[in-house]
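Please have a look at the model first.

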Amino acid sequence: MDEYKRFPRIQEAALKLEIFDLIQSFPECGGIGVFIGTVRNHHEGKAVKALKYTAYTPVAEKMISQIEQEIQVKYGVSYVRVIHRIGTLEIGEKAIIAIAYAAHRREAFAACEEAVERVKHEVPVWKEEFYIDGSSQYVEGCCIRKDETDLSHAHHHPEHSAEKHQHCRHTKENTPLIYQWPL
């Protein structure tokens, strides 16, 4: 890993694809899976003005690196990296970029998708939405790990709620209250 670029996985600056190692460094790879998540202008019928991401950076950095390593082994891919933005983001700005290089597209896509899902649901990064009407709220689903559920399906279930998760408790307003991670 020392021969690869070193960069923080949690960043305050605008995210760019140029930060990642080049595919040319991996001649065994014929597939690149890329996901870029941007800020959209709506959520559950409300007009979104901006988002603010906050993170517990020391733990988030370690967890993203561990997720990358686990996915690299699981899918047999040569390269998996994820960066997540923190701070205030306007509509259209990049919030997360995940990239995977693999011998074939199937593994690249699968590794990239799982990296995004795991970072979204396991890493202590919180998303607060600010609406056109002046209100705001923290969005459920961020920094929540549900060990007993297959993570690849967790985001599809409407019953996926904060009360069912053991690592992140929320107040009635869905504001993160306590983050606990088993050591």
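The points below concern aromatic rings and the charges over them.

1. This is a predicted model, where local features need pLDDT of at least 70, side-chain atom pairs count only at pLDDT 80 or more, and totals for chains, interfaces and linings use all residues. Residues are numbered from 1 along each chain as its sequence is written, and side-chain values use heavy atoms, with hydrogens and water left out.

2. Rings of Phe, Tyr and Trp (its six-membered ring) pair if their centres lie within 6.5 Å; planes under 30 degrees apart are stacked, over 60 edge-to-face and the rest tilted. The count by this rule is six aromatic pairs. One of them is tilted, because F26 and Y79 have ring centres 5.2 Å apart and planes at 50°.

3. Strands are DSSP runs (E, at least two residues), numbered from the N terminus. F26 is in the loop between β1 (10-11) and β2 (31-38) and Y79 in strand β5 (residues 79-85), so their pair ties together parts 53 residues apart in sequence.

4. Buried means under 20% relative accessible area (1.4 Å probe, protein chains only). F26 is buried at 2%, and Y79 is buried at 0%.

5. Y79 also pairs with Y101, and this pair is stacked, with 4.7 Å between centres and 20° between planes. Y101 lies in strand β7 (residues 94-102), 22 residues from Y79. Y101 is buried too.

6. Y4, F26, Y79 and Y101 make up one aromatic cluster.

7. A charge sits over a ring if NZ of Lys or CZ of Arg is within 6 Å of the ring centre and within 35 degrees of the ring normal. R9 has its charged end over the ring of F7, 4.7 Å from the centre. For K46 over the ring of Y131, the distance is 4.3 Å.

Technical notes. Helix = DSSP H or I, 4+ residues; strand = E, 2+ residues; numbered from the N terminus. Buried < 20%, exposed > 50% of the residue type's maximum accessible area, 1.4 Å probe, protein only.
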